[in-house]
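My notes are below, as numbered points to read alongside the model.

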Amino acid sequence: MDSDQLAAYYYQDEEQVICGQVIPSITEDYKETEFPSMVDRFFTRYYYLKKGADLAPYKVLFHSNRVCLICLANEHPAFTEGIASVNFDIGHSDRSKNAVKGKAKKGGMVLQADSTLALLTTKTSKVYKIPSCVRSKLIEVNVDLQTCCEKLQAPEGEGFIAIVLPKPEHCEEIKAGLMTQEQYDDYLRTIKEDKAE
């Protein structure tokens, strides 16, 4: 019973000769390649720095269809402090109760760039008010974070806090107000140089 019944159907490399020339096998040329991630293929990375004393960076993944994923940037201090909890009840409203209907996403909460989406508490008891980062309509929050806040450290695009949808006429203005990947890298480089001095 050790013999594989399907062995006869497996690919067997055979020498191919066409017009007197030996054709090399395609399996010899096959190489494992790194394909771009879903985020690299479909999203553009932008960054938002919250104004005020708390200069925590946030990442906005902007899809070509205007949908934006709001995430913590990798350099957010909450990652080093340790994330204890994420709460979408921000006092006057509970973002997790947001309900949208239809193609136009009617009923979504209207957000300004500095509107609070959630309260993130670290293991050092510091509370970060996570901003929406863009003027938009709230489509959905990642309610899984309330029970498993470790999902914020999931691969890029999976550990999102919320999904928002800006109006088409505001998109260019929103993008102009955010930092591009290059601008954000320059900002991080400047901070490192300032700390080194």
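1. A word on the basis first. This is a predicted model, in which local features need pLDDT of at least 70, side-chain atom pairs count only at pLDDT 80 or more, and totals for chains, interfaces and linings use all residues. Residues are numbered from 1 along each chain as its sequence is written, and side-chain values use heavy atoms, with hydrogens and water left out.

2. How many salt bridges are there? The count comes to 7, where a salt bridge is a side-chain nitrogen of Lys or Arg within 4 Å of a carboxyl oxygen of Asp or Glu. One of them joins E156 to K59, with the closest N and O atoms 2.8 Å apart. This pair ties together distant parts of the chain, 97 residues apart: E156 sits in the loop between α4 (144-147) and β11 (162-165), and K59 in strand β4 (residues 57-63). Helices (H or I, at least four residues) and strands (E, at least two) are DSSP runs, numbered from the N terminus.

3. Are the two partners buried or exposed? K59 is buried, at a relative accessible area of 5%, whereas E156 is partly exposed at 32%. The cut-offs are under 20% relative accessible area for buried, over 50% for exposed, and partly exposed in between (1.4 Å probe, protein chains only). Both residues also belong to a network of salt bridges that links D40, R45, K59 and E156.

4. Two other salt bridges lie within helices. In helix α5 (residues 171-177), E172 and K175 are 3 residues apart, so about one helical turn separates them. Their side chains meet in a salt bridge at 4.0 Å, N to O. E172 counts as exposed, with 59% relative accessibility, while K175 is partly exposed at 25%.

5. Helix α6 holds the other pair, R189 and D186, again 3 residues apart, or about one turn of the helix. Their closest N and O atoms are 2.6 Å apart in the salt bridge. Both count as partly exposed, R189 at 45% relative accessibility and D186 at 41%.

6. The C-alpha atom of I70 is 7.3 Å from that of Y58, a residue 12 positions away along the chain.

7. The largest pocket holds about 280 Å³ of space. Of its 13 lining residues, E75, Y187, L188, I191 and K195 are the closest to its centre. Helix α6 (residues 181-196) gives the most to the lining, with 6 residues. By class, the lining has 9 nonpolar, no polar and 4 charged residues.

8. For the terms in the point above: on a 1 Å grid over the protein atoms alone, a pocket is an open set of points where a 1.4 Å probe fits, with protein on both sides within 12 Å along at least five of seven lines, and lining residues have an atom within 4 Å of a point. Volume is the space filled by probe spheres set on the points, which are joined across faces, edges and corners. Ala, Val, Leu, Ile, Met, Phe, Trp, Tyr, Cys and Pro count as nonpolar, Asp, Glu, Lys and Arg as charged, and the others, Gly among them, as polar.

9. Y9 lies in the segment before β1 (16-18) and is exposed, with a relative accessible area of 70%.
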